[in-house]
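Open the model in your viewer and keep the selection panel at hand. The stops below go from a loop residue to the whole chain, then to the core and the pocket.

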Amino acid sequence: MKEQLIKAMQRNHFLNMMYMAKDGNVSKRRIKIIKIVGNSFQAYCFTRQTKRTFMIDSVLAVVPVISKEREVVC
């Protein structure tokens, strides 16, 4: 998973992410990765409209956002 996140950050891609919080709740987020440090990463979360820190081990899945879809959303 970490390799996918690094590639997305290097390529400046937006991602749709499924994430499991500490309390077990699963959420879908649209993010843009800012930096990766150790086992966590900081990203701008378009769902919450702020920067958030996520644990890499809690990421269930990531899918790149295609450019046409990104133009409609942003």
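Select N12 first: is N12 buried, partly exposed or exposed? N12 counts as partly exposed because its relative accessibility is 44%. The classes are buried, under 20% relative accessible area, exposed, over 50%, and partly exposed in between, with a 1.4 Å probe and protein chains only.

**Ground rules**

This is a predicted model, in which local features need pLDDT of at least 70, side-chain atom pairs count only at pLDDT 80 or more, and totals for chains, interfaces and linings use all residues. Residues are numbered from 1 along each chain as its sequence is written, and side-chain values use heavy atoms, with hydrogens and water left out.

**Whole chain**

Color by pLDDT, the predictor's confidence in each residue, from 0 to 100. The mean over the protein chain is 90, and 89% of the residues reach 70 or more. Where pLDDT is low, the predicted coordinates should not be read in detail.

Switch to cartoon. The protein chain has 2 helices and 5 strands. From the N terminus on, the order is α-β-β-β-β-β-α. Helices (H or I, at least four residues) and strands (E, at least two) are DSSP runs, numbered from the N terminus. Of the 74 residues, 28% count as buried.

**Two positive phi angles**

Go back to N12, in the loop between α1 and β1. Its phi is positive, about 65°, although N12 is not a glycine. Most residues other than glycine have a negative phi.

Next, select Q49, in the loop between β3 and β4. Phi of Q49 is near 60°, again a positive value in a residue other than glycine. Q49 is exposed, with a relative accessible area of 62%.

**The core**

Show side chains for L5, L15, M17, I31, I33, F41 and F54. These have the most contacts inside the largest nonpolar core, which has 15 residues. Such a core is a set of buried Ala, Val, Leu, Ile, Met, Phe, Trp, Tyr and Cys residues joined through side-chain atoms within 4.5 Å. α1 (2-10), β1, β2 (26-37), β3 (40-45) and β5 (59-64) each supply at least two residues of this core.

Center on M17. Leaving out residues up to four places away in sequence, M17 touches S27, K28, R29, I31, F41, F54, V59, A61 and V62. Contact means heavy atoms within 4.5 Å.

Then pick I36, in strand β2. With residues up to four places away again not counted, its contacts are K2, L5, I6, M9, F41 and I56.

**The pocket**

Select Y19, M20, A21, K22, R29, R52, T53, F54, M55 and S58, which line the largest pocket. On a 1 Å grid over the protein atoms alone, a pocket is an open set of points where a 1.4 Å probe fits, with protein on both sides within 12 Å along at least five of seven lines; lining residues have an atom within 4 Å of a point.

The volume is about 160 Å³. β4 gives the largest share of the lining, 4 residues. β1 (14-20) and β4 (50-55) each supply at least two lining residues.

Finish on K22, in the loop between β1 and β2. K22 is exposed, at 90% relative accessible area.

Note on methods. Points joined across faces, edges and corners; volume = space filled by probe spheres on them.
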